Amino acid sequence: MHTAATAAAPYGWSLGLHALLAAALLASGLLRPQAPAPQPVPPIAAAIVDQSILQAVAELRAAERRRAAAERGRQAAQRAAERAAAQAEARHEAQRKAVQAEARRKAELAAQQQVERQARLRAAEESRRSAAEARQRAEREAELQARLANEGQRTDAAASSLRTQYVAAIQAHVEQRWFRPPGLAAGTSCTVHVLQIPGGEVAGLRFGDCGGGEALRRSIESAVRNASPLPAPPEPALFEREVRLVFTPED
Amino acid sequence: MERIRRVVVALAALVVVAPPAHAELTVQILRGMAEAVPVAIVPFGWEGSEPAPWDVAATVQADLERSGRFRALPRADLLELPHEAGQVDAAAWRLLQVDYVVVGRLLRVDSARYELRYELVHTVTGERILGLALPADRAALKLASHRISDAVYERILGVRGAFATRIAYVAVDGPAAARSFRLIVADADGANERVVFSSPEPVMSPAWSPDGRALAYVSFHGGTPAIYVQTLRTGEQIRVSARSGINGAPAWSPDGSQLALTLSRRDGNVDIWLLTLATQELRRLTDDPAIDTEPAWSPNAQALYFTSDRAGGPQVYRLGIGAGERPRRVTFEGRYNARPRVSPDGRELAVVTIDRDAFRIAVVDLQRGTQRVLSNGRLDESPSYAPNGASLIYATRDGGRGVLATVSTDGRVQQRLAASAGAVREPAWSPYLP
């Protein structure tokens, strides 16, 4: 706003000056002394005109002409003044209009600028906000991703823990039914692949690497067959048709 | 049709044998929790007007149960009494939760001779995994029954049974002023006690010859200690060492040609010596001012383990038999480890140790140097391995009286052996007998 006021100041001065000029012009026209009104002239009746009369008539006519001229001059001046005044007025009006227009323009400009500024501000604000939002969104996204990942891990962990439970259940179930033959060499290990059907029933078994003798194999086969049905998994998805049992007797 | 079935079988085999498409569920089995293998010993068939001369099944059942490694279905719970494998309904026995069934017949060959036919069925697979016939005269029916126990034990556990073996021990009877010492040989289950030698003077340290035909022992019946070798069948007794001072702790070399002994000779320095029986040649093995005694051979005859107090308290040392070898200490846990006996596989040493202020039987792992206490008495002594290494016999106290006990080398099964009378001590488990 301050900028607009400062810009309007010179126009104010110009306005005052023109007003003074117009006043002076008007005053000069109005203060001019008025000429005496002309006498009415009798019509010419005699053919013979006295020279003095002729003189008097001529003087009268001259006075009339001067008076008419003066009147014409006065009227002209008045018209000029009026014209000047009108012109001044027009100029003034134009000036005023121009000023107004300028002011309006300025105002409009200012308004425009204001609008633009606000728009820019809004835009800036908008972009700032959208940036913030984007950032927040990104953060949220990241957080979500992290949480998802976390949850994924938790799910994995949960699944893995359930799997561990399942493995432990099978282990306990088979161990309770395994009579470990005596005299196994340290480090003896025997792998058996057990095929189970849903429900845990042992459908078959096959030995993999087996470091023990026939008695160990027989003890393992007895344990596995006697362990049928194997325990159910804590979640059906964990069920495996084939289970690998690694018999590694510990002291 | 046959071809189709074969294809189906092949496919089924593929299903079982095909490697898993994804991560297989792997389960580690670390401990056998089952206490004992469930078995059924069906009374043997007998076709005779008179009662059967021997209850073979009862002997086998008692043997297997005494080992602690088998749980036999009580006779009253037997639903069927098959006498041959073909009659065994494996599925029915599985319903009774029996993994193995022993069936058989006792047949009379002539007035004095019998035959024991027996079979072992694995009910889990329906497989007949053992089928044998044993001849026996009437007096050997019990021994033959123990042999069936041995074979069943071995077939199921992978370790030879030691039911048809014997034990030797010293029984002390009578008041302090009039004591009698008897050297006794009995069946591994404590039955059939037979006095081999008796004396009013102390009898000590019986040791089985590797062939199971003779015992070496220390007797004071000549007034001073001497070492004798006595053949069991004939009762013939030979004095093999009566040197001045101590003659003690005989130990047969694995080939039976030599005895490791403890001698003090004239200088009174107690050391280990090696006596060649055929030539009476004597060779000094240790020479240390401390007491070296109680030698025991490693099964491969390459080393002797013995007790020495050269480091202060008694500890066990190993001495290689080769020339120039020096004794190396092998026991380090506790202040007292003595009277070593080497396990049949040579991997372990049974010793008497002090455990929480009590004398107890411990086993030392010779590779790892670890030691585990197996017995829980207060005055346990004289451990001796069964020839299969599955258990140890030792002397302990029961109400102040010396009795014999066995413990499985995994520490799980403990048994007391009833003795007829008096106090018994220094048991020695025989090798496998012919």
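Residues are numbered from 1 along each chain as its sequence is written, while chains are lettered from A and ligands numbered from 1 in the order in which they are written. In this predicted model, local features need pLDDT of at least 70 and side-chain atom pairs count only at pLDDT 80 or more, whereas totals for chains, interfaces and linings use all residues.

**Chain A**

Chain A contains three helices and three strands; helices (H or I, at least four residues) and strands (E, at least two) are DSSP runs, numbered from the N terminus. Their order from the N terminus is α-α-β-β-α-β. Of the 251 residues in chain A, 13% are buried. A residue is called buried if 20 or more other C-beta atoms lie within 10 Å of its own, exposed if 12 or fewer, and partly exposed in between, with C-beta atoms placed from the backbone.

Two residues are in contact if their C-beta atoms, placed from the backbone, lie within 7 Å. When contacts in chain A between residues at least 6 apart in sequence are taken, 77% join residues at least 24 apart.

Confidence is expressed as pLDDT, the predictor's confidence in each residue, from 0 to 100. For chain A the mean pLDDT is 74, and 65% of the residues reach 70 or more. In residues 1-9 of chain A the pLDDT is below 50, and this stretch has five contacts in the model beyond near neighbours in sequence. Residues 29-37 of chain A also have pLDDT below 50, with seven contacts beyond near neighbours in sequence.

The 13 residues of α3(A) should span 18 Å at 1.5 Å a residue, and the end C-alpha atoms are 18 Å apart, which agrees. The expected span is 1.5 Å times one less than the number of residues in the helix. Among the buried residues of α3(A) are Leu216(A), Arg218(A), Ile220(A) and Val224(A).

The loop between α3 and β3 of chain A holds Pro229(A). Ser228(A) and Pro229(A) are joined by a cis peptide bond, with omega of about 0°.

**Where the chains meet**

Chain A contributes 34 residues to the contact and chain B contributes 27 residues. On the side of chain A that touches chain B, two or more residues come from each of α2 (51-175), β2 (202-210), α3 (214-226) and β3 (242-247) of chain A. The most come from α3(A), with seven residues. This side of chain A is made up of 15 nonpolar, seven polar and 12 charged residues. Here Ala, Val, Leu, Ile, Met, Phe, Trp, Tyr, Cys and Pro count as nonpolar, Asp, Glu, Lys and Arg as charged, and the others, Gly among them, as polar.

Strand pairing also links the chains: β3(A) and strand β1 (residues 25-29) of chain B run parallel and share five bridges. Two strands pair if DSSP finds at least two bridges between them. Val243(A) has Leu25(B) as its bridge partner in β1(B).

**Sheets and hairpin of chain B**

One open sheet of chain B has four strands in the order β10-β9-β8-β31, with antiparallel pairing. Its edge strands, β10 (194-199) and β31 (423-429) of chain B, each pair on one side only.

Another open sheet of four strands in chain B has the order β19-β20-β21-β22 and antiparallel pairing. At its edges stand β19 (292-297) and β22 (328-329) of chain B, each with a single partner strand, so one side of each is left without a neighbour in the sheet.

| Strand | Partner strand | Bridges |
|---|---|---|
| β8(B), residues 166-173 | β9(B), residues 180-187 | eight bridges |
| β20(B), residues 303-308 | β21(B), residues 315-320 | six bridges |
| β29(B), residues 401-408 | β30(B), residues 414-417 | four bridges |

Ala168(B) lies opposite Val185(B) in β9(B), Ala303(B) opposite Gly320(B) in β21(B), and Val407(B) opposite Gln414(B) in β30(B). A hairpin is formed by β29(B) and β30(B), with five residues between them; in the turn, Gly411(B) has a positive phi of about 80°.

Ala249(B), a residue other than glycine, has a positive phi near 50°. Ala249(B) belongs to strand β15 (residues 247-252) of chain B and counts as buried because it has 24 C-beta neighbours inside 10 Å. Arg339(B) is not a glycine either, yet its phi is positive at about 55°. This arginine, Arg339(B), is in strand β23 (residues 337-342) of chain B, and Arg339(B) counts as buried with 24 C-beta neighbours inside 10 Å.
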